[in-house]
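Subject: Structure handover

Hi,

Here is the structure I promised to pass on. My notes follow below it.

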Amino acid sequence: MSDFFHPIPSTIDLFGEGDLNGLDITQLGEYLEEKTHIPFRRRGNIYKRFSEEGIQVAAEKLARVRVRDPGKKYVSGIPFQAEVDYEKRRIRDPNWKIFGILYEGALYQKIISDLIFGSRLGLEHCSILFTNQLFGTWDRGNNRYHARVSLYGFPSLISITGLVVAPAKPKEFYLKKQMGTLMEWLKEEYQGRFLDHGDLRMTEVLKGYAVQALFFYLTGEPFCEDRDCRLFNSHWQEEVLHSQMDGQYEFCPRHESILKGLRERR
Amino acid sequence: MAVKKHIFTPVSEKEVTRAIVDAFARQFIEYVESDCLIIGGGPSGLMVGRDIALKGVKTLIVERNNYIGGGFWIGGYLMNKVTVREPGQKILEELGIPYEKAVKGLYVADGPHACSKLIAAACDAGVKFANMTIFDDVVLREGNQVCGAVVNWTPVNALPREITCVDPIALESKFVVDSTGHDACVVKKLEERGILKTIGFGAMWVEQSEDLVVEHTGEAHPGLIVTGMAVATTYGLPRMGPTFGAMLLSGRKGAQVILEKMKKK
C-alpha cells in the first residue's frame, strides 16, 4: 500500500500516566480496533514496575526537563531536591492528579521512550501514551513555548490536560477573565463550548487524536486540512469539538479510504 | 463646686515614652535569637507562625510594612473579598472566619475579617512581630546553613543613601522562612551570593498551580523553608488566580516541615 511508509503494527499499545480522569481507555482501544482491525493492548501505568532505583533515575530526568520560563528556550540545569521529590511522589502514585508543570515536549518524549522501549527501537507496535501532564514545544514564530495536546513519535504522547489547556477557548472568555471574572463563573457561562477536566466528551474526542497518532506511525503525516475530518489539526476548542464530534463525517474521503484499505489488509 | 474627675489616669509623656521603649526593648532583646524567623507577614507566613507557635516554637515575623497581612486584606482587583478553594475553607473554619459558598468547591470570605482573624490567631499563639523592618541579608554558618537574617528599619531604605548610612543588625534563628511572596527576597539573596539558583515564576496560568505551590513547599536550602508565592518564584511554577487556599495550606505545610526538623534536632 503506497500510503504507508511503515509496516502495519502488530498491536496498538495504550499506556497511561497519572489520573486519566474522563478517559475510557478500553472504549478508545475498541474504537481503534474497529477502525483499523489492529488489536489494541492496555499496557497500564508506565511506572508500575519501577524499582526504587528506577524511580530515582526517572524522577531526576523528569525534574530536569521542566520548562522554567515559557518565554525562554529550554536550558538544562540541576533540579532542586524538592522538584525531584515531587516527581518521585508523582511516579509512585498511579492516580496522581496534580498537573501544571510544563515539560519540554521532545525531551519528555525521549524519557518516556527510554522508559517504554529501553534499548529497543520499539517500532513493532504503535505505542501511545495518554498523560495528565502538560508538555509544550518551542514556537519559533513568537519565541515562546506553547502547551500541546499531542506530540507524535515513538511513542506518541497525548495530554488530556493539554486538551483542556492548549486549544484556545472563545475570545470573549479571555477578555472576561482579564477583567477579573472568576474562572468558575466563566465555566458556567461558556459551558459546552470547550472541554473541561473530567468532561464526558473526553473519550470521544481523544479517539480522533489516537487515530492521528496511528496515521503518524503509518504515514508520517498525522493531520488533514479538512476541518470536518478527525485528523484536523485544531487550534481552537470550538474546532476540536467540531472536527471530533460535529463534523460532516468522521474522516474525509481520502483518510476514510486509507482506513478501509487498512481493514482489508488485516 | 465639685472637681470634675478625669476619665483616664493622668500619666506624663515621659512615662508613655519609657513604656514604649522598655516594652519594645525587652521583646527585641528576647527575640534577637529565636527558633524561627519568618520573613514576610502575609497569609502563608502568618499561618506558619501560628501553627509552630502553638507548639511552643519561639517565632518572630519580620514585616517590611507597618501593617501585617500582605495581600490577604483584599482579593482580586482591589475588591475586599478573598476566595479559597476546597479544602482551604477548613482553615477558615478553624480560625473562626465566616465564609460562604460561591460555587461548588469555592468559598468567599470578607478580606478584613479573614486577615484580622489570622493575625489575631498568630498573636494568640505567641508569635511576635517586627514590623517596619526590612530583610537585608541572610546569616550563614558552616555549609552555608541559613541561621538568621540581617534586617534594618524599612524607612532607611526609602531615603537617599547619603542621609541614611545606617548599618543593619542581625537576628539569629534555627530556621528562616521565606514568605515574601513573588519577590522571594531570601531565596534571591542566596542567589546573589551564588549559593542557590532561582528559576523565576512561569507565565502560564494553570488552575492547578495552587496544588503545585503546596506540593513544592518545604526546605529549599539547609535552614531555609520557602512558603506561599515565594515557592512559585523559587521553582518557576505557573501563576495563579487570586485565591488564597494555597497560601494557607502552604503555610501549614511549611510549619509541619519545621516541626519535623525540630524533632530531629
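Does L23(A) count as buried or exposed? L23(A) counts as buried, because 21 C-beta neighbours lie inside 10 Å and the cut-off for a buried residue is 20 or more. Please keep in mind that this is a predicted model.

**Around L23(A)**

L23(A) sits in a loop of chain A, between β1 (11-17) and α1 (25-36). Leaving aside residues up to four places away in sequence, L23(A) touches L28(A), F130(A), I160(A), M202(A), T203(A) and L206(A). Take I160(A) from that list. I160(A) and L23(A) are 137 residues apart along the chain, yet 8.3 Å separates their C-alpha atoms.

**Strands in chain A**

Strand β5(A) covers residues 134-139. Three bridges link β5(A) to strand β3(A), residues 102-104, and the two run parallel. L102(A) has L134(A) as its bridge partner in β5(A).

β5(A) also pairs with strand β6(A), residues 144-148. This pairing is antiparallel, over five bridges. Within the pairing, G136(A) stands opposite A147(A) of β6(A). β5(A) and β6(A) make a hairpin, with four residues between them. In the turn, N143(A) has a positive phi of about 50°.

**Two helices in chain A**

Now to a helix pair. Such a pair is described by the angle between the two axes and the distance between them. Helix α8(A), residues 202-219, packs against helix α9(A), residues 237-246. The angle is about 85° and the axes are 9 Å apart. An angle of 65 to 115 degrees counts as roughly perpendicular, so α8(A) and α9(A) are roughly perpendicular to each other. On the α8(A) side, E204(A), V205(A) and G208(A) make the contact. On the α9(A) side, V240(A), S243(A), Q244(A) and M245(A) do.

**The sheet in chain B**

Chain B has an open sheet of three strands, in the order β3-β5-β4, with antiparallel pairing. β3(B) and β4(B), residues 100-103, are at the edges. Each has a single partner strand, so one side of each lacks a neighbour in the sheet. From one strand to the next, the twist averages 40°.

β3(B) spans residues 81-85, and four of its five residues are buried. Five bridges join β3(B) to β5(B), residues 106-110. Two pairs to look at: R85(B) stands opposite L106(B), and V82(B) has A109(B) as its bridge partner.

**Helix α4 of chain B**

α4(B) runs over residues 111-125. At 1.5 Å a residue, its 15 residues should span 21 Å. The end C-alpha atoms are 21 Å apart, which agrees.

Which residues of α4(B) are buried? They are G111(B), A114(B), C115(B), L118(B), I119(B), A121(B) and A122(B). Seen down the axis of α4(B), these buried residues fall within an arc of 155°, so they line one face of the helix. Their cover includes α2 (43-54), β3, α3 (89-94) and β5 of chain B. Just after α4(B), G126(B) takes a positive phi of about 115°.

**Backbone points to check by eye**

Most residues other than glycine have a negative phi, and most peptide bonds are trans. Here are some exceptions.

- The peptide bond between F154(A) and P155(A) is cis, with omega about 5°. P155(A) is in the loop between β7 (150-151) and β8 (156-159) of chain A.
- The bond from E86(B) to P87(B) is also cis, with omega near 5°. P87(B) lies in the loop between β3 and α3 of chain B.
- M132(B) has a positive phi, near 55°. M132(B) is in the loop between β6 (128-131) and β7 (133-140) of chain B. With 15 other C-beta atoms within 10 Å, M132(B) is partly exposed.
- A184(B) is not a glycine, but its phi is positive, about 40°. A184(B) is in the loop between β9 (169-178) and α6 (185-192) of chain B. With 28 other C-beta atoms within 10 Å, A184(B) is buried.

Best wishes

Notes
Residues numbered from 1 in each chain as written. Chains lettered and ligands numbered in written order. Predicted model: local features only at pLDDT ≥ 70, side-chain atom pairs only at ≥ 80, totals over all residues. Buried ≥ 20, exposed ≤ 12 C-beta atoms within 10 Å, placed from the backbone. Pairing = 2+ DSSP bridges. Expected span 1.5 Å × (residues − 1). Arc of directions from axis to C-beta. Contact = placed C-beta atoms within 7 Å. Axes fitted to C-alpha atoms, helices over the stretch in contact; angles between N-to-C directions. Parallel < 35°, antiparallel > 145°, perpendicular 65-115°, else oblique.
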